[in-house]
Amino acid sequence: MIYDHISNISRYLHLVPGIAEALQFLQQAPANIPVGRHQLSGDNYVNIDTYTTKSVNPVGYEAHEQYIDIQYLVQGQEEVWVRNLRELQCTMPYDPLRDVAFYRASDSFQTKLKLGKGYFVILFPQDAHEPQHCLLAPAPVKKLVAKVAIQQQPLPFF
């Protein structure tokens, strides 16, 4: 997991093929960008959605095997909870067509990241995440989630 401000994206452009294009797309996205899927090069794309944050996310944690998530808000704020996948219990096995599995925690420990005001998070396959949590009260947001396809080479880890 990488959590940082969008002004520092130059530090991460070299990590994985496709990550530079995705980060630059997020950095340049205007607040009025249309909702929907925006294709990047190859298998990479950005989903843009609007919703109201929640006090409780009933779906729980999710994790992906085929794509790295880069999450960024152009409007509003939310909290994304992150845990290592090994700490969770699977509630819905991995679906390769949707590239997702769902999980629950048996305790209340998690890392809480605040998205909004220029902050983004890069989530790798081991980073289970539970998005859409409200900060103080449910509020509307506009979120960009870049999906960067994981290539055949191993991911670089620091």
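Is Tyr-67 buried or exposed? Tyr-67 counts as buried, at 14% relative accessibility; here buried means under 20% relative accessible area, exposed means over 50%, and partly exposed lies in between (1.4 Å probe, protein chains only).

Before we go on, a word on the model. This is a predicted model, in which local features need pLDDT of at least 70 and side-chain atom pairs count only at pLDDT 80 or more, while totals for chains, interfaces and linings use all residues. Residues are numbered from 1 along each chain as its sequence is written, and side-chain values use heavy atoms, with hydrogens and water left out.

## The open sheet

Let us start with the strands. Strands (E, at least two residues) and helices (H or I, at least four) are DSSP runs, numbered from the N terminus. Six strands make up an open sheet, and their order is E1-E10-E5-E12-E3-E2, with antiparallel pairing. Two strands pair if DSSP finds at least two bridges between them. At the edges are strand E1 (2-5) and strand E2 (36-39), each of which pairs on one side only. From one strand to the next, the twist averages 20 degrees; the axes behind such angles are lines fitted to C-alpha atoms, for helices over the stretch in contact, and angles run from 0 to 180 degrees between N-to-C directions.

Within this sheet, strand E3 (residues 45-52) and strand E12 (residues 140-149) run antiparallel and are joined by eight bridges. Opposite Tyr-45 stands Lys-147 in E12.

Thr-50 is also found in strand E3. Thr-50 counts as partly exposed, at 43% relative accessibility. Leaving aside neighbours within four places in sequence, Thr-50 is in contact (heavy atoms within 4.5 Å) with Val-35, Val-141 and Lys-142. The C-alpha atoms of Thr-50 and Val-35 are separated by 7.3 Å, and the two residues are 15 residues apart along the chain.

## Aromatic pairs

How many aromatic pairs does the structure hold? There are three aromatic pairs. Rings of Phe, Tyr and Trp (its six-membered ring) pair if their centres lie within 6.5 Å; planes under 30 degrees apart count as stacked, over 60 as edge-to-face and the rest as tilted. Two of the pairs, including their values, are set out here:

| Pair | Centre to centre | Angle between planes | Kind |
|---|---|---|---|
| Tyr-3 and Tyr-119 | 5.5 Å | 25 degrees | stacked |
| Tyr-45 and Tyr-67 | 5.6 Å | 70 degrees | edge-to-face |

Tyr-3 lies in strand E1 and Tyr-119 in strand E10 (residues 119-123), so their pair ties together parts that are 116 residues apart in sequence. Tyr-3 is partly exposed, at 33% relative accessibility, and Tyr-119 is partly exposed with a relative accessible area of 33%.

Tyr-45 lies in strand E3 and Tyr-67 in strand E5, so this pair ties together parts that are 22 residues apart in sequence. Tyr-45 counts as buried, at 10% relative accessibility.

## Around strand E8

Why is strand E8 (residues 100-104) largely enclosed by the rest of the structure? Four of its five residues are buried, so E8 is described in that way.

E8 runs antiparallel to strand E4 (residues 61-63), and three bridges join them. Here Tyr-61 has Tyr-103 in E8 as its bridge partner. Strand E7 (residues 89-95) is joined to E8 by four bridges, and these two also run antiparallel. Met-92 stands opposite Phe-102 in E8. E7 and E8 form a hairpin with four residues between them, and Asp-99 in the turn has a positive phi of about 50 degrees.

Gly-76 is found in the loop between strand E5 (67-75) and strand E6 (78-84). With a relative accessible area of 40%, Gly-76 is partly exposed. Not counting residues up to four places away in sequence, Gly-76 touches Leu-115, Gly-116, Pro-140 and Val-141. The C-alpha atoms of Gly-76 and Lys-142 are separated by 6.7 Å, although these residues are 66 residues apart along the chain.

Finally, the structure holds zero disulfides, a disulfide being a pair of cysteine sulfur atoms within 2.5 Å. Cys-90 is partly exposed at 43% relative accessibility, whereas Cys-134 is buried at 12%.
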